[in-house]
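Have a look at it first, then read on.

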Amino acid sequence: MSREVVIIGAGMHPWGKWGHNFVEYGVAAAREALADAGISWREVSFVSGGATVRCGYPGYVAGATFAQALGWQGTEVNTSYAACASGSQALAAARNKIMAGDCEVALVVGADTTPKGFLAPAGGYRPEDPDWVRFYLGITNPTYFALYARRRMDLYGDTLDDFAAVKVKNSLVGSKNPRARYRKCFTAEDVAASAMVADPLRLMDICATSDGGAALIVCSLDYARRIGKGDAPRIAAISTVTPSFASAVVEMPDIATDSAAAAGIEAQSFRASLPVKAYEEAGIGPEDVDLAEVYDLSTALELDWIEDLQLTPRGEAAQWLRRGDTALGGRIPVNVSGGLACFGEAVPAQALAQVCELTWQLRGQSGDRQVEGARVGITANQGLFGHGSSVIIKR
Amino acid sequence: MSNKPLAPAIEGWFTMDEQPQLIGSQCCHCETYFFPAQNRYCRNPDCDSTEFREALLSRTGRLWSYTNACYKPPAPFVAAEPFVPYTIAAVELEHEQMTILGQVITGVDVSDLKVGMDMELVLETLHETEEDIKVTWKWRPMAAAITGGNAQ
Ligand SMILES: [Zn+2]
């Protein structure tokens, strides 16, 4: 690696359903990150934005939109869109620019305002669009998460109580996070009393969509040393690898998987491929990880991710959960931010919010949510069609 | 019962036979199957073929996983009033080595299903229009004990 890239500032606008313009959240997050870094906006020479496709044209050119809102000062700009992985791709663009020696300090920012109600596809008769097809046939987002959850039950013996326990665990720690949207401590009874949406998942097993904004200030190690922050958390890896053909797990919004019928082709799942590249790039293994922020679009999906990150053997995540090993204070705490269960998903901001959490944890600034002695953290999230990202931060 | 004619909900995606089959495509070079049919480029990373033939997919497979829809999906789904929850299955086709989603026939509940069960493709009503009854493929458990109902 030619130059190391470190995180000297992190900021977030609290998640919620505020109904304001997304730019406002992004600016608030950026200003908090700048203040956290102790530098002025004029020090930044590259703005990398995570795009939002729900907020009109300004969202498509998010990098420039945020640069304008903070005050044009001649930075270069970039905008990345990769659904939930947008933030990681925006971070990768900034990191590459710094590693190439083309920039010293970059702002990475993502923010979103979510519309009310269901996100439905455009109407008409459009069988060439997989999103139209699956809605027409009655297959919604929770369908996919429920299929994965049910498979865990039939294959590994996971139970509804296990899924509820993920929610209880995350809401307990999320209740202590002032940036989280949902800060109530839910009980297993609360989860059991919520309506069944897609068997075996209930309303409280599935994450909501939220408004929110997250930002990072990243810079070269040289720059960080010059301002006395040479020990800031380093970005050890960013993985955005695709799965390998043939992907064997049906992914939103597809109606079918790839076929593995051709000679020499093996069926595989996508979530497992992301961390492999991340570990390799960081030069560490799952045994070195102190905490993980994973994409709990559903409670059961947190358990899948734990296994995909190789933090537990395949099929054993629920056993670890039952023993408290994935809770704060356990062997490998997962989602000590409260996760999507407590935040709800703000698409272009979410991957960055995961990295914000790791940054504060690795600095030891997380108060009563602090993972003691955290030195290495990993994130994982997923976009559409089975691509996603995984980021490793090291102290 | 309506005496309107039956019509496929999505034109050209399945045969309208007594023993219906999904209409996919197969790469003429590497033999990879595609559903929905893919006729322009092969997605096998080791194949750059642009030649495909029509392929009728296996009618039976094994249950990969299953769930249901307890709430009415948004349009373009056309829901009956009142909305009746339905079951959904992902079924693995052994020969094609791929998994395909679809509703399960009316009358079969998630409690009737188990990963690994043998499933069969049938046609059933998706919704009615002014002119016709739109039918789609659905999965039916092959075990004799589970009959479901209302299958076309
Ligand atoms: Zn081919």
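The contact between the chains draws on 42 residues from chain A and 48 residues from chain B, where contact means heavy atoms within 4.5 Å. This is a predicted model, so to speak of local features takes pLDDT of at least 70, side-chain atom pairs count only at pLDDT 80 or more, and totals for chains, interfaces and linings use all residues. Residues are numbered from 1 along each chain as its sequence is written, chains are lettered from A in the order in which they are written, and side-chain values use heavy atoms, leaving out hydrogens and water.

Together, chain A and chain B bury about 3700 Å², with 65% of it on carbon and sulfur atoms; buried area is the accessible area (1.4 Å probe) that two parts lose on being put together, summed over both. Tyr136(A), Leu137(A) and Leu147(A) supply 18% of what chain A buries against chain B, more than any other three residues.

The rule also finds two salt bridges across this interface (a side-chain nitrogen of Lys or Arg within 4 Å of a carboxyl oxygen of Asp or Glu). Asp258(A) pairs up with Arg43(B) in a salt bridge, their closest N and O atoms 3.2 Å apart.

Now for two single residues, sorted by relative accessibility (buried is under 20%, exposed over 50%, partly exposed in between, with a 1.4 Å probe and protein chains only).

| Residue | Relative accessibility | Class |
|---|---|---|
| Asn381(A) | 0% | buried |
| Val53(A) | 43% | partly exposed |
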